[in-house]
Amino acid sequence: MRLLATKPRPFLKWAGGKTRLLEQLARHLPREMKQGRIRRYIEPFVGGGAMLFYMASVYQVPELVICDVNDELTLCYRTLRDDVEAVIDCLDELHRRYHAAAPAEREQMFYAIREQFNATRPQIDFRHFSPVWIERTAQIIFLNHTCFNGLFRLNSRGDFNVPFGKYKNPGIYDTENLHAVSHVLQDTTIISGHFTVSEQFVTPDSFVYFDPPYRPISKTSSFTSYSKLDFNDEDQRQLAHFFRRLHTTGAKLMLSNSDPKNTNPEDDFFEVLYDGFHIHRVLAARAINARGDKRGEISELVITNY
Ligand SMILES: C[S@@+](CC[C@H](N)C(=O)[O-])C[C@H]1O[C@@H](n2cnc3c(N)ncnc32)[C@H](O)[C@@H]1O
């Protein structure tokens, strides 16, 4: 049973994070969730976990299962679950050094940590916990909050290559939040891998929320490279087949994606893939293209099997 004094929220800034869309998504949750009839919450593309933490603080779902293909991210979740105090000690030290340093030294510190982070990647065993995970988790949280735009982008070699952010006074972590996050993760099964791996956990009383990398709605709009694996139209099709297969289990399913009709009213890519399911449209404040000159509200899709 989770009794939380502080409501947990994402500890990383994550591209495609759902924090601002939570209220709208909440309106589309299955009735069974509010009735307490969902026994397991599964999130195969967890990213920063905005929905996971929302669900954990609002509903008492006994079991949580999260998955992501980004092994650095799942390493963070597992370390925060198993040794949050040690991560906080490491972060305290990074925070102290960073805030004691002059601006030029801060930049040097950022690049030194980025280099160390990349250089140690080949030696990391991502499957079995070891003490090096603690420092790595602290480094990821530090780099994520001090880099440009708070991205976590890996290049084709798997290196973190985002430049320094030049923020005056970045908040790097919040101790109370990390405790609340760790508390939620005690009840959570954390899987590193392709979304299909989550299938073995799906039961008739599960609720599965899919938030895959969005299909780009214009050539310049989207950031879909969270890891060295891109998510293209073929992956979207595979995901739709997976959704259809899980539907037969009786589980409740919800999926978010971009709405191609924002830029091309003729584009019925998702209507075809999710034919027979319910396609809802919600409004999100997002930029349509990378230059941000078409900011405003655009619609996004919420697809459900109930
Ligand atoms: C839109 S983000 C999820 C954002 C999340 N809902 C949040 O609030 O931060 C998509 C996530 O899917 C992950 N991903 C990409 N391809 C994947 C795959 N084939 N299987 C599982 N996860 C994948 C990415 O690493 C990324 O974290």
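Residues are numbered from 1 along each chain as its sequence is written. Because the model is predicted, local features need pLDDT of at least 70 and side-chain atom pairs count only at pLDDT 80 or more, while totals for chains, interfaces and linings use all residues.

**Exercise 1.** Determine how the chain is divided into domains.

*Solution.* Step 1: the bounds are taken from an automatic or database domain assignment. Step 2: domain 1 comprises 19–69 + 193–304, and domain 2 comprises 72–176. Step 3: the centres of domain 1 and domain 2, taken over C-alpha atoms, are separated by 28 Å.

**Exercise 2.** Identify the strands that pair with strand E1.

*Solution.* Step 1: helices (H or I, at least four residues) and strands (E, at least two) are DSSP runs, numbered from the N terminus. Two strands pair if DSSP finds at least two bridges between them. Step 2: strand E1 (residues 40–43) runs parallel to E2, with four bridges joining them; within this pairing, Arg40 has Glu63 of E2 as its bridge partner. Step 3: E1 also runs parallel to strand E4 (residues 206–210), through three bridges, and here Arg40 stands opposite Ser206. Step 4: together with H3, the strands E1 and E2 make a right-handed β-α-β unit, a crossover being right-handed if, with the strands pointing away from the viewer, the path from the first strand over the helix to the second runs clockwise.

**Exercise 3.** Describe the residues that surround the ligand.

*Solution.* Step 1: a residue is near a molecule if its C-beta atom, placed from the backbone, lies within 6 Å of it. Step 2: 23 residues surround the ligand, and the closest are Gly16, Phe45, Gly47, Gly48 and Ala50. Step 3: H3 and strand E2 (63–68) each contribute at least two residues to this shell. Step 4: the shell consists of 13 nonpolar, seven polar and three charged residues, where Ala, Val, Leu, Ile, Met, Phe, Trp, Tyr, Cys and Pro count as nonpolar, Asp, Glu, Lys and Arg as charged, and the others, Gly among them, as polar.
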